[in-house]
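Open the model in your viewer and keep the selection tool at hand. We will go from the whole chain to single side chains, one stop at a time.

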Amino acid sequence: MTAAVLAVLADSARAVAHRRADEVCVCGDGDAVLADRPDASVVRHGDVVAKAHAPDTDPAELAVRLDMAARMPGVLLAPSAPGATRLHGRLVTFWPHGTPVDRDDPDSAPWEAAGALLARLHAAPVPGPVPPMRGPAKAARAVARLRAAGPHPAASPVLRAWAGLPSWARDEAPAPGPRALCHGDLHLGQLVRGPDGRWLLIDVDDLGVGDPAWDLARPAAWFACGLLSPQEWTRFLGAYRDAGGPAVPADGADPWPALDVPARALTVQTAALAIAKAVAADRPLDEVEQALVDACARMSGVEVGPPELAPDTTK
């Protein structure tokens with residue numbers, strides 16, 4: 001099935017890239033598979049990217065998310081074609097190709113751009129009925145995947161940390177507090193340079209209304225676990241505040257009260273997925289994965305937020 005989906009995606013991407021029947025393809029790099037996972041398959045041909053969304057994707061909700069992307073130039077990458085097409089039983093959308101963050105050059109990571117883009121997204125008016133942001137749902141799925149993976153010595157502290165989260169962070173109740181447009185799955189892989197050279201957010205599958213602090217939670221969790229430097233955290237959070245982001249206090253006060261629960265949830269989510277993948281590959285946890293598990297073990301009695309999270313560290 002996966003091979004068939006990839007073949008259909010390649011054909012459809014070529015058709016969109018070369019709309020005229022008599023157009024000769026001069027794309028030197030041919031078709032490139034950018035992702036092939038159960039929840040998404042992505043193929044590029046020339047300047048066009050075709051994405052097959054997860055089999056359980058709701059067509060009406062995806063339509064709303066695509067419309068929001070088209071209406072927010074300068075923040076979200078707009079689709080190349082309106083609406084989605086159903087191919088081989090999957091909803092497929094088409095996008096212009098963008099240049100991703102260079103994983104081999106971490107010093108060039110666009111933390112300022114990420115913070116500013118999130119602030120603009122969070123401050124945008126909600127355009128009528130919008131589906132909920134799917135961040136808590138993804139965390140719950142990660143924990144379910146951990147439980148299904150079978151016994152592992154690191155699973156217990158992760159599950160205890162999950163049980164200690166409030167119901168909304170476990171996707172068992174609506175999120176309290178302020179509601180805003182949220183990306184729902186923010187990490188550096190969700191940024192690309194668009195055709196005009198500006199950084200833009202991609203991947204609308206989790207876009208929706210929710211607690212904007214969730215979008216800051218993964219960098220916050222990395223910082224709390226020692227996986228993101230204080231300098232990088234300061235660049236990201238400072239840019240978010242400078243752009244008027246509403247998820248944290250604008251006056252330089254400690255942001256952690258707003259970020260604590262989402263950061264804990266993202267720590268659990270990432271640790272749960274790491275353990276599940278380690279079990280599937282029959283390998284030990286690596287150093288980064290163990291750091292996430294250790295953070296989960298500390299959650300019952302020690303705050304995740306490190307001492308560096310003080311008011312004067314974000315400027």
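**The whole chain**

Keep in mind as you look around that this is a predicted model. Show the chain as a cartoon: the secondary structure comes to nine helices and ten strands. How does the radius of gyration agree with that of a compact globule? For 315 residues, such a globule would have a radius near 20 Å, and the chain has 20 Å, so the two agree. Colour by accessibility next, and you will find that buried residues make up 50% of the 315 residues.

**Salt bridges**

Now show the side chains of Asp, Glu, Lys and Arg. How many salt bridges does the structure hold? The count is 16, and a few of them deserve a stop.

Begin by selecting D11 and R14. They form a salt bridge, with the closest N and O atoms 2.2 Å apart. Both residues lie in helix α1 (residues 2-17), three residues apart, which is about one turn of the helix. D11 counts as partly exposed because its relative accessibility is 44%. R14 is partly exposed as well, with a relative accessible area of 29%.

Next, select D205 and K51, whose side chains meet in a salt bridge of 2.4 Å, N to O. D205 sits in the loop between β9 (199-201) and β10 (208-210), while K51 is in strand β3 (residues 48-53), so this pair ties together parts that are 154 residues apart in sequence. Are these two residues buried or exposed? Both D205 and K51 are buried.

E172 counts as exposed, at 52% relative accessibility, whereas R170 is buried, with a relative accessible area of 16%. The 16% of R170 falls under the 20% limit for buried.

**A charged patch**

Switch to a surface view and select D102, D104, D105 and D107. Together they form a negative surface patch. For a closer look, pick D105, which is found in the loop between β6 (99-100) and α3 (111-123). D105 counts as partly exposed, at 32% relative accessibility.

Go back to the cartoon and select P219, which has its place in helix α6 (residues 213-224). With a relative accessible area of 1%, P219 is buried.

The last stop is E61, in helix α2 (residues 59-70). E61 is partly exposed, with a relative accessible area of 30%. How far apart are the C-alpha atoms of E61 and P73? They are separated by 20 Å, with the two residues twelve residues apart along the chain.

Methods
Residues numbered from 1 in each chain as written. Predicted model: local features only at pLDDT ≥ 70, side-chain atom pairs only at ≥ 80, totals over all residues. Heavy atoms only, no water. Patch = residues over 30% accessible without salt bridge, like charges linked within 9 Å, V, L, I, M, F, W, Y side chains within 5 Å. Areas by Shrake-Rupley, 256 points an atom, 1.4 Å probe, with all protein chains shown as cover. Salt bridge = Lys/Arg side-chain N within 4 Å of Asp/Glu carboxyl O. Lys, Arg positive; Asp, Glu negative; His and termini not counted. Charge placed at Lys NZ, Arg CZ, Asp CG, Glu CD. Helix = DSSP H or I, 4+ residues; strand = E, 2+ residues; numbered from the N terminus. Buried < 20%, exposed > 50% of the residue type's maximum accessible area, 1.4 Å probe, protein only. Rg over C-alpha atoms; globule rule 2.2 N^0.38 Å.
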